[in-house]
2 protein chains.
Amino acid sequence: MIIKPNPSLGVPIYLQLVGQVKHAIETGALRPGEQLPSIRPLAEELVINVNTVAKAYRELEREGVIELRHGAGAFVAETGRARPGAAEKFRGAQALVADAVGQLRKRGLHDDEIRRLFEAALAGLREAGGRGG
Amino acid sequence: MIIKPNPSLGVPIYLQLVGQVKHAIETGALRPGEQLPSIRPLAEELVINVNTVAKAYRELEREGVIELRHGAGAFVAETGRARPGAAEKFRGAQALVADAVGQLRKRGLHDDEIRRLFEAALAGLREAGGRGG
DNA sequence: CGCACTGTGCTAGAACTATAGCACAGTTGT
DNA sequence: ACAACTGTGCTATAGTTCTAGCACAGTGCG
């Protein structure tokens with residue numbers, strides 16, 4: 001399964017689900033029109049509450065990423081981030097990231113440390129240049 | 001300032017503080033024995049509550065990263081992740097990560113997308129090739 | 001239609017996060 | 001001793017997250 005929340009990250013489960021569904025769509029693992037797992041079976045598989053999955057799906061619909069059809073199921077929206085050419089772009093990026101993470105692991109860095117490195121890079125590059133120490 | 005929490009990430013502020021202090025120590029921006037900003041001034045600067053900073057510092061002490069001296073202040077622990085040689089390792093890693101993030105940004109990826117890419121890489125490389133579900 | 005599936009809506013409670021304010025206690029410098 | 005700083009501990013409140021359970025409503029199939 002593409003989707004697997006991690007309770008130890010501090011990020012709310014429903015937000016992790018939102019991110020992972022987006023990621024699956026961005027990388028082409030889920031394609032426009034395709035049906036997502038139903039709320040109840042998915043909740044059971046992930047051993048989390050039905051309401052938590054429902055909340056994630058509702059947030060995804062609010063952002064226009066998926067479409068909820070009452071009684072029918074949840075489906076990847078036809079428009080949005082799943083436009084043609086995007087999947088290739090993301091696959092290249094995926095390889096780049098996998099390579100970077102691989103190198104960092106080879107240097108003996110733990111996942112926590114890698115995560116902090118990336119958070120700092122994302123937060124810091126905007127203000128690049130002003131490093132005092 | 002090295003430390004700056006981001007409320008929009010979903011991660012609790014105090015955990016962001018914990019991570020950023022660890023990162024500052026790992027990269028050598030804060031060195032063993034050095035005094036950290038005091039709870040009250042830091043809370044005021046970040047426009048967050050004193051208790052939130054105190055909670056972060058206490059968590060850092062619990063993990064042995066810093067040392068809290070009642071009445072004197074908070075200090076980076078002499079032992080732990082700030083061992084000699086670590087700073088160089090992290091500086092190399094920092095450059096690697098900055099380069100990767102730069103390339104991803106140049107490809108037009110947003111920060112959210114980059115974050116998801118990395119989360120997926122960190123979560124996925126362990127099960128590369130093996131996972132059926 | 002009947003039935004099984006789907007999403008929707010609600011209540012209630014436990015746990016956690018963050019805020020605010022107050023009092024206490026140890027350290028440092030004068 | 002005193003003042004000004006430091007961390008510690010407590011109460012109270014508001015908001016969010018997650019769980020649990022129940023009922024309702026739309027869809028699709030036989």
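By class, the surface near DNA strand D holds 11 nonpolar, 10 polar and two charged residues. Here Ala, Val, Leu, Ile, Met, Phe, Trp, Tyr, Cys and Pro are counted as nonpolar, Asp, Glu, Lys and Arg as charged, and the others, Gly among them, as polar. The model is a predicted one, in which local features need pLDDT of at least 70 and side-chain atom pairs count only at pLDDT 80 or more, whereas totals for chains, interfaces and linings use all residues. Residues are numbered from 1 along each chain as its sequence is written, and chains are lettered from A and ligands numbered from 1 in the order in which they are written.

A residue is near a strand if its C-beta atom, placed from the backbone, lies within 6 Å of it. Of the 23 residues around DNA strand D, those that come nearest are P12(A), N49(A), G71(A), S38(B) and I39(B). Two or more residues of this surface are given by each of α1 (13-26) and α3 of chain A, and by each of α2 (39-46), α3 and β2 (73-76) of chain B. Helices (H or I, at least four residues) and strands (E, at least two) are DSSP runs numbered from the N terminus. The most is given by α3(B), with four residues.

Around DNA strand C there are likewise 23 residues, of which S38(A), I39(A), I13(B), N49(B) and G71(B) come nearest. On this surface α3(A) gives the most, with four residues. Its classes comprise 11 nonpolar, 10 polar and two charged residues.

G71(A), which is among the residues nearest DNA strand D, lies in the turn of a hairpin formed by β1(A) and β2(A), with three residues between the strands, and has a positive phi of about 95°. Strand β1 (residues 66-69) of chain A runs antiparallel to β2(A) and is joined to it by four bridges; strands pair if DSSP finds at least two bridges between them. Within this pairing, R69(A) stands opposite G73(A).

The two protein chains also meet each other. In this interface, 37 residues of chain B are in contact with 37 residues of chain A, contact being defined by C-beta atoms, placed from the backbone, that lie within 7 Å. On the side of chain B, the elements giving two or more residues are α1 (13-26), α4 (86-106) and α5 (111-124). The largest share, 12 residues, comes from α5(B). By class, this side has 20 nonpolar, seven polar and 10 charged residues.

The largest nonpolar core has 25 residues, of which V97(A) and V97(B) touch the most other members. Such a core is a set of buried Ala, Val, Leu, Ile, Met, Phe, Trp, Tyr and Cys residues joined through C-beta atoms within 7 Å. At least two of its residues are supplied by each of α4 and α5 of chain A and α4 and α5 of chain B. Leaving aside residues up to four places away in sequence, V97(B) touches A100(A), L117(A), F118(A) and A121(A).

Helix α4 of chain A also contains E88(A). This residue counts as exposed because it has 10 C-beta neighbours inside 10 Å; buried residues have 20 or more other C-beta atoms within 10 Å of their own, exposed ones 12 or fewer, and partly exposed ones a number in between.

Key
Two residues are in contact if their C-beta atoms, placed from the backbone, lie within 7 Å.
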